[in-house]
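Please have the model open as you read.

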Amino acid sequence: MQFGYTIIYVPDVAASLAFFERAFGFSPRFLHESGTYGELDTGTTTLAFADHALGHANFPGGHVAAHSSDKPLGMEIALVTPDVPAAHEQALRHGATELSAPAARPWGQTVSYVRCPDGTLVELCTPILAG
């Protein structure tokens with residue numbers, strides 16, 4: 001088995017792709033002509049977005065829409081960067097909400113948390129140093 005991709009259900013796929021491009025520098029790789037599914041060029045593991053309508057089709061019992069939840073969902077995506085403060089500020093400039101400012105962690109990483117306009121919780125972090 002291999003981890004292939006993460007799909008985040010959002011209210012506007014094109015808007016999420018555009019935000020991740022502006023805020024984090026990922027280029028869109030694919031946007032379906034229907035606008036209901038899109039992917040970013042993130043390397044070997046795909047980060048994708050799907051419209052809530054697809055989520056409702058996939059989960060007849062419904063799902064929690066992150067953008068309308070008062071609190072972030074209990075999951076995150078982590079983006080690794082050598083300069084967390086700069087990445088954090090760039091995300092805020094493009095519409096993310098700060099949840100936790102960049103801070104040094106006891107295990108040697110610098111970490112911050114932002115919430116994207118579509119509700120996605122993003123950890124920005126430096127690489128973990130092998131010790």
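The largest nonpolar core has 22 residues, and Phe 20, Phe 24, Phe 49 and Val 122 touch the most other members. Such a core is a set of buried Ala, Val, Leu, Ile, Met, Phe, Trp, Tyr and Cys residues joined through side-chain atoms within 4.5 Å, where buried means under 20% relative accessible area with a 1.4 Å probe, protein chains only. Helix α1 gives the largest share, 6 residues, while β1 (5–10), α1, β4 (46–51), β5, α3 (84–93) and β8 each supply at least two. This is a predicted model, in which local features need pLDDT of at least 70, side-chain atom pairs count only at pLDDT 80 or more, and totals for chains, interfaces and linings use all residues. Residues are numbered from 1 along each chain as its sequence is written, and side-chain values use heavy atoms, leaving out hydrogens and water.

Look next at Phe 20: its contacts (heavy atoms within 4.5 Å) include Leu 47, Phe 49, Ile 77 and Val 122, not counting residues up to four places away in sequence.

Now for the sheet. Helices (H or I, at least four residues) and strands (E, at least two) are DSSP runs, numbered from the N terminus; two strands pair if DSSP finds at least two bridges between them. An open sheet of 4 strands runs β5-β8-β7-β6, with mixed pairing. β5 (77–80) and β6 (97–104) each have a single partner strand, so one side of each is left without a neighbour in the sheet. β5 pairs with β8 in the parallel sense over 4 bridges, and Val 80 sits opposite Cys 125 in β8. Strands β7 and β8, by contrast, run antiparallel, joined by 5 bridges.

How values were computed:
Buried < 20%, exposed > 50% of the residue type's maximum accessible area, 1.4 Å probe, protein only.
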